[in-house]
Amino acid sequence: VEKVVVAERGLVIVSGVGKTTTVAAIVEYINKISNKVIITLEDPIEYVFVNQKSLIEQRQINDDTPSFSQGVKDLLDVDVDVAVIRGKDYSEYINDILELSEKCLVILELPSHNIKDAIDDFISFIPEDLKQEKRKLLANNLIAILNQILVSRQGGGLLPVAEILLNNSAVATAISEDRISRIPDLIVMSGHEGMISLERSLAELVKSGEVLIDEAVKYVDDKNEFREMILK
């Protein structure tokens, strides 16, 4: 995560459970290490940032800007290094988000359940007649997708469990050619690049004793394959 959020431009999607806390941590990290202009669009503002090395401006929808749509359009015309967009329905301004990602780093929240769904959901916001063109633009500009769930920790409390997709040539081709079903396999095949599947993240937590196997198997589709993964 630290490597992908220092990019000068592009799109990072954060999805799943606890994404607001993860996005806040990303902003705090950039704020701590870089001299950046960071502008957020939020409804509501849940975490108030204090400037460190960066200059952060948080814009509340309806108070500081009339809508997400207008807020994103405004960002296209201002000096911004990092744009954080925490909305829900992006259908009215998805094209502007893609255009913005060519100018600066965009961190976008999506309420998707996994990485494949995050890509499908993003593309679903694009008008039908523009899907092919914008799918290629997404393939070119996507940096990473970070998806997470929260599971019960052995001994109490919750643990975030992440799956991570990093864009590479195979991922970009799958997105541009509308072969999103290949994405889970590409994640598994690209562990050496820093990608990790949810199953692998869960397996590591089970092996370390932080999560019980009976808790972990609740979140996987193929329970037998998962148990074999733990034994390897």
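Ser176 is buried, with a relative accessible area of 17%, where buried means under 20% relative accessible area, exposed means over 50%, and partly exposed lies in between, as found with a 1.4 Å probe and protein chains only. This residue is found in helix 6, which covers residues 169-176; helices here are DSSP runs of H or I with at least four residues, strands are runs of E with at least two, and both are numbered from the N terminus. The model is a predicted one, in which local features need pLDDT of at least 70 and side-chain atom pairs count only at pLDDT 80 or more, while totals for chains, interfaces and linings use all residues. Residues are numbered from 1 along each chain as its sequence is written, and side-chain values use heavy atoms, with hydrogens and water left out.

A polar atom of the Ser176 side chain lies 3.2 Å from the backbone oxygen of Thr173. When neighbours within four places in sequence are set aside, Ser176 is in contact with Gln132, Arg135, Lys136 and Ala139, contact meaning heavy atoms within 4.5 Å.

**Helix 6 and its surroundings**

Ser176 is one of the buried residues of helix 6, together with Val171, Ala172, Ala174 and Ile175. These buried residues pack against helix 4 (115-124), helix 5 (131-141), strand 6 (142-152), strand 7 (158-166) and helix 7 (183-189). At the start of helix 6, a side-chain oxygen of Asn168 reaches to within 3.1 Å of the backbone nitrogen of Ala170, and just after the helix Asp178 takes a positive phi of about 60°.

**Other residues in the chain**

| Residue | Relative accessible area | Class |
|---|---|---|
| Ser176 | 17% | buried |
| Ser112 | 2% | buried |
| Gly10 | 0% | buried |
| Thr21 | 59% | exposed |

Ser112 is found in the loop between strand 5 (105-110) and helix 4. The side chains of Ser112 and Asp121 are joined by a polar contact of 2.7 Å, that is, a pair of N or O atoms within 3.5 Å, of which, within protein, one must be able to donate a hydrogen and the other to accept it, and for which residues adjacent in sequence count only if both atoms are side-chain atoms. Not counting residues up to four places away in sequence, Ser112 touches Ser15, Gly16, Asp117, Ala118, Asp121 and Asn147.

Gly10 has its place in strand 1, residues 10-16. Thr21, by contrast, lies in helix 1 (residues 19-33), and from C-alpha to C-alpha Thr21 is 17 Å from Ala144, with the two residues 123 apart in sequence.

**The chain as a whole**

The chain contains 10 helices and seven strands, and its C-alpha trace spans about 55 × 40 × 30 Å along the principal axes. Of the 232 residues in the chain, 50% are buried. Among contacts with a separation of 6 or more, 58% are between residues 24 or more positions apart.
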